[in-house]
Amino acid sequence: QVQLVESGGGLVQPGGSLRLSCAASGSIFSINDMAWYCQAPGKERKLVAHISSDGITNYADSVKGRFTISRDNAKNTVYLQMTILKSEDTAVYYCYGIVATVAGYEGRYWGQGTQVTVSS
């Protein structure tokens with residue numbers, strides 16, 4: 001079994017910064033693509049940033065130049081550095097990963113989500 005656990009959310013003022021972390025644990029053989037999604041109240045979950053196994057990144061237009069996704073393969077962890085935060089960034093942020101297990105199964109996994117609130 002594989003678990004993804006996010007941390008680092010919270011309340012921040014507009015213009016501030018937060019760093020989200022997502023650690024994968026369990027019977028992991030390798031982790032392929034990883035990503036961060038967000039879901040605001042009453043809205044669909046949407047992609048924020050994606051990183052491939054070899055470090056290629058892409059971002060939603062709304063966060064380009066403000067957010068940075070990175071990963072530490074040795075720690076099975078993905079990060080989202082969020083800067084110049086805006087009120088419209090307020091959402092629950094979910095970690096997503098495509099993970100190959102020791103048993104030879106490849107699955108898609110979600111974390112439980114972490115709340116980010118941008119407000120003065």
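Modeller: One term before we start: buried means under 20% relative accessible area, exposed means over 50%, and partly exposed is in between (1.4 Å probe, protein chains only). This is a predicted model, where local features need pLDDT of at least 70 and side-chain atom pairs count only at pLDDT 80 or more, while totals for chains, interfaces and linings use all residues. Residues are numbered from 1 along each chain as its sequence is written, and side-chain values use heavy atoms, with hydrogens and water left out.

Biologist: Where in the chain are Y37 and Y96?

Modeller: In distant parts: Y37 is in strand β4 (residues 28-39) and Y96 is in strand β9 (residues 91-101), 59 residues apart. Strands (E, at least two residues) and helices (H or I, at least four) are DSSP runs, numbered from the N terminus.

Biologist: Why does the pair of Y96 and W110 count as tilted?

Modeller: The planes of Y96 and W110 are at 50°, with the ring centres 4.8 Å apart, so this pair is tilted. Here too, distant parts of the chain are linked: Y96 in β9 and W110 in strand β10 (residues 106-110), 14 residues apart. Y96 is buried, because its relative accessibility is 13%. Put together, ring pairs join Y37, Y96 and W110 into a cluster.

Biologist: Which residue lies over the face of W110?

Modeller: R45, at 4.6 Å from the ring centre. R19 likewise lies over the face of Y79, at 4.0 Å from that ring's centre. A charge sits over a ring if NZ of Lys or CZ of Arg is within 6 Å of the ring centre and within 35 degrees of the ring normal.

Biologist: New topic. Which residues of the largest nonpolar core touch the most other members?

Modeller: That would be W36, V48, F67, V78, L80, M82 and Y93, out of 29 residues in that core. A nonpolar core is a set of buried Ala, Val, Leu, Ile, Met, Phe, Trp, Tyr and Cys residues joined through side-chain atoms within 4.5 Å. Several strands each supply at least two residues, including β1 (2-7), β5 (46-51) and β11 (114-118). β4 gives the most, with five residues.

Biologist: What is V48 in contact with?

Modeller: Leaving out neighbours within four places in sequence, V48's contacts include W36, Y37, F67, L80 and Y93. Contact means heavy atoms within 4.5 Å.

Biologist: And the sheet? What order do the strands have in the open sheet of four strands?

Modeller: β1-β3-β8-β7, with antiparallel pairing. Two strands pair if DSSP finds at least two bridges between them. β1 and β7 are the edge strands, each pairing on one side only. Six bridges join β7 to β8. Across that pairing, S70 stands opposite Y79 and D72 stands opposite T77.

Biologist: What is between β7 and β8?

Modeller: Four residues, in a hairpin, and N76 in the turn has a positive phi of about 55°. Most residues other than glycine have a negative phi. N76 is not a glycine, and at 24% relative accessibility it counts as partly exposed. I84, in the loop between β8 and β9, also isn't a glycine and has a positive phi, of about 45°.

Biologist: Last one: which residues does A23 touch?

Modeller: Q3, L4, V5, N76 and T77, not counting residues up to four places away in sequence. A23 is in strand β3 (residues 18-26). A23 and T77 are 54 residues apart in sequence, but 4.4 Å apart in space, C-alpha to C-alpha. A23 has a relative accessible area of 34%, so it is partly exposed.

How values were computed: Rings of Phe, Tyr and Trp (its six-membered ring) pair if their centres lie within 6.5 Å; planes under 30 degrees apart count as stacked, over 60 as edge-to-face and the rest as tilted.
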